[in-house]
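Keep the 3D view open as you read.

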Amino acid sequence: MCGICGFIGSGCIEDLENMNKSIIHRGPDAGGHWYNESAGVYIGHRRLSVIDLNYGNQPMWTANGELGVIFNGEIYNHIDLRRELERIGYRFITDHSDTEVLLHGYHCWGHELPSKLNGMWSFAIYDRKSNQFFFSRDRFGKKPLFYTFQNNTFVFASELSAIIKHRSVVGELDPVSLKKFFAYGFIPAPNTIFKRIFKLPGGHNLILNVRDH
């Protein structure tokens, strides 16, 4: 289990650090972050080391720095995908990281990448060249991904506890969602217990143009 978080818009490194600290239990082995203050882009990661213990820290970037990823989950067919990408001509820095497979896979297949994956995941890929984020969640929704857009700021994380750590986010209880919880025993996606905070449904992707946030 790992954790991802970040935001695009208003805020500062303190917001990101508070968000990342709130999910430290998801990834006690390592933590990392990256931000571009002028662009208003901040991303963070907490890591539980499972695959490629020494070289899988995140955010992970391509050699040219154009694509970055933060990732929670495991790609079961990453070895086969790596071989396919190597045959095309991609060169890997890590020995067996499924995270690096996501980076090169996105460069190769773009928004079709999730259709190539077998596993459980939630990830955010930042394309600095197109200034676009690509979010994805696995088909069965094994790995969580929450988001909100408040006060002209897009905030996302693996847990609601991290979302509400951002100063722009108001965590207001949603009475309708509360009723659904007592009726069904869970809150159906895309709703959450908070108003204006949503969870990306399983098997869905989300594209965000940074310049339009």
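The model is predicted. Start at His104, which sits in helix H3, residues 98-109. Is His104 buried or exposed? Its relative accessible area is 11%. The cut-off for buried is under 20%, so His104 counts as buried. What does His104 touch, leaving aside residues up to four places away in sequence? The list is Leu85, Tyr90, Arg91 and Phe92.

Move on to Arg26. This residue is in the loop between helix H1 (13-21) and strand E2 (30-36). Its relative accessibility is 7%, so Arg26 is buried too. Two partners stand out for its side chain. The backbone oxygen of Cys2 lies 2.8 Å from one of its polar atoms. The side chain of Glu159 makes a polar contact with the side chain of Arg26 at 3.0 Å.

Glu159 has 18% relative accessibility, so Glu159 is buried. As a rule, side chains of opposite charge can pair when their charged atoms come close.

How many salt bridges does a search of the whole structure find? The count is six. One of them joins the side chains of Arg167 and Asp15, at 2.9 Å from N to O. This pair links distant parts of the chain, 152 residues apart. Arg167 is in the loop between helix H5 (160-163) and helix H6 (175-184), and Asp15 is in helix H1. The two ends have contrasting surroundings. Arg167 is exposed, at 54% relative accessible area. Asp15 is buried, at 2%. Glu14 joins in as well: Glu14, Asp15 and Arg167 are linked in a network of salt bridges.

Finish with Glu84 and Lys116. Their side chains meet in a salt bridge of 3.1 Å, N to O. Glu84 lies in helix H2 (residues 78-88) and Lys116 in helix H4 (residues 113-116), so this bridge ties together parts that are 32 residues apart in sequence. Glu84 is partly exposed, with a relative accessible area of 25%. Lys116 is partly exposed as well, with 29%.

Notes. Residues are numbered from 1 along each chain as its sequence is written. This is a predicted model: local features need pLDDT of at least 70, side-chain atom pairs count only at pLDDT 80 or more; totals for chains, interfaces and linings use all residues. Side-chain values use heavy atoms; hydrogens and water are left out. Helices (H or I, at least four residues) and strands (E, at least two) are DSSP runs, numbered from the N terminus. Buried means under 20% relative accessible area, exposed over 50%, partly exposed in between (1.4 Å probe, protein chains only). Contact means heavy atoms within 4.5 Å. A polar contact is a pair of N or O atoms within 3.5 Å; within protein, one must be able to donate a hydrogen and the other to accept it, and residues adjacent in sequence count only if both atoms are side-chain atoms. A salt bridge is a side-chain nitrogen of Lys or Arg within 4 Å of a carboxyl oxygen of Asp or Glu.
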